Amino acid sequence: MKSSAISWTWFHKLGSPKWFYSISGRMLPWLAIAAILLIGIGVVWGLAFAPQDYQQGNSFRIIYIHVPAAMLAQSCYVMLAVAGVVGLVWKMKIADVALQCAAPIGAWMTAVALVTGAIWGKPTWGSWWVWDARLTSMLILLFLYFGLIALSHAISNRESAAKACAVLAIVGVINIPIIKYSVEWWNTLHQGATFTLTEKPAMPAEMWLPLLLTVLGFYCFFGAVLLLRMRLEVLKREARASWVKEEVLNSLGREMAR
Amino acid sequence: MSFTSFSDFLAMGHHGLYVWSAYGICLLVLAFNVAAPVRAKRRYLQEQARRLRRENKP
């Protein structure tokens, strides 16, 4: 069928490193600006203007970085699994680039979620850490990220490393629903989700709106940092292509001019 | 504004240390995540410049 052939061209274009490099270069500044604005406004609003929680007082303000980091940590892992499937099924080179470049960012976000959660837990629960289902499954997520990073460094052949990492990413995604439903399946100290698709948030709008802004801001931040990393990785992997040589020469020219 | 003064804002009602350390750590991690790829790119370009100089020497 002709129509389906046309509608899939964008998908095959995605696999072209050159096309990726030019489109990502155009997207990057917008993502960066959006991230700075959304996180800036959300954090100032959340820290200074949102009303304090009637039970937790001001310690609840950690939510404005804790929840975005935790959501991003999980979304990033789902993205790794999707990239793994795309890489295995369609042999798309850019999928492995995305997987390798996103894993360290995801690991950092998981670490931020765990550390800010611990700091929030101390005044709220009276303890930095409890071996509770939500916290433990998040810790496992951090180890899954470490496993992926270690695995890609351990295998020197690029293609075998890509396959192994893709399989680990896909198998590990089972942990994501466990994290999500851990607060419902087991007795836990951790509170339930703030945002759900079906219900209105339990907190007033001046509390959850800044949270929505920082969540969106963290996603834009992730996009921008991921593209930064991926663009460099593409330059390294495609170093022999003539467009890359040209691009490197151009960048060198710009560096010299400065 | 949910605080009456700036010192009130810094104190965060006895939770200042928790709130500000959490935000501080988060800011450090975000800054590191931006700086790492930027520095890596600069390093790579310097490497390439050295290689090109070497190759162009007769």
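This is a predicted model: local features need pLDDT of at least 70, side-chain atom pairs count only at pLDDT 80 or more; totals for chains, interfaces and linings use all residues.
Local features need pLDDT of at least 70 and side-chain atom pairs count only at 80 or more, while totals for chains, interfaces and linings use all residues. Residues are numbered from 1 along each chain as its sequence is written, with chains lettered from A in the order in which they are written.

User: How do you know that the length of helix 2 of chain B agrees with what its 41 residues should span?

Analyst: Happy to show you! A helix here is a DSSP run (H or I, at least four residues), and its expected span is 1.5 Å times one less than its number of residues. For residues 16-56 of chain B that should give 60 Å, and the end C-alpha atoms are 59 Å apart, so the two agree.

User: What makes residues of chains A and B count as in contact, and how many do?

Analyst: Their C-beta atoms must lie within 7 Å. By that rule, 31 residues of chain A are in contact with 26 residues of chain B. Helix 5 of chain A gives the most to chain A's side, with 9 residues.

User: What does UniProt place at residues 207-228 of chain A?

Analyst: The unreviewed entry places a "transmembrane region" there, though annotations may be inferred rather than shown by experiment. In the model, that stretch is 100% helix and 0% strand, with end C-alpha atoms 32 Å apart.

Methods
Helices (H or I, at least four residues) and strands (E, at least two) are DSSP runs, numbered from the N terminus. Two residues are in contact if their C-beta atoms, placed from the backbone, lie within 7 Å.
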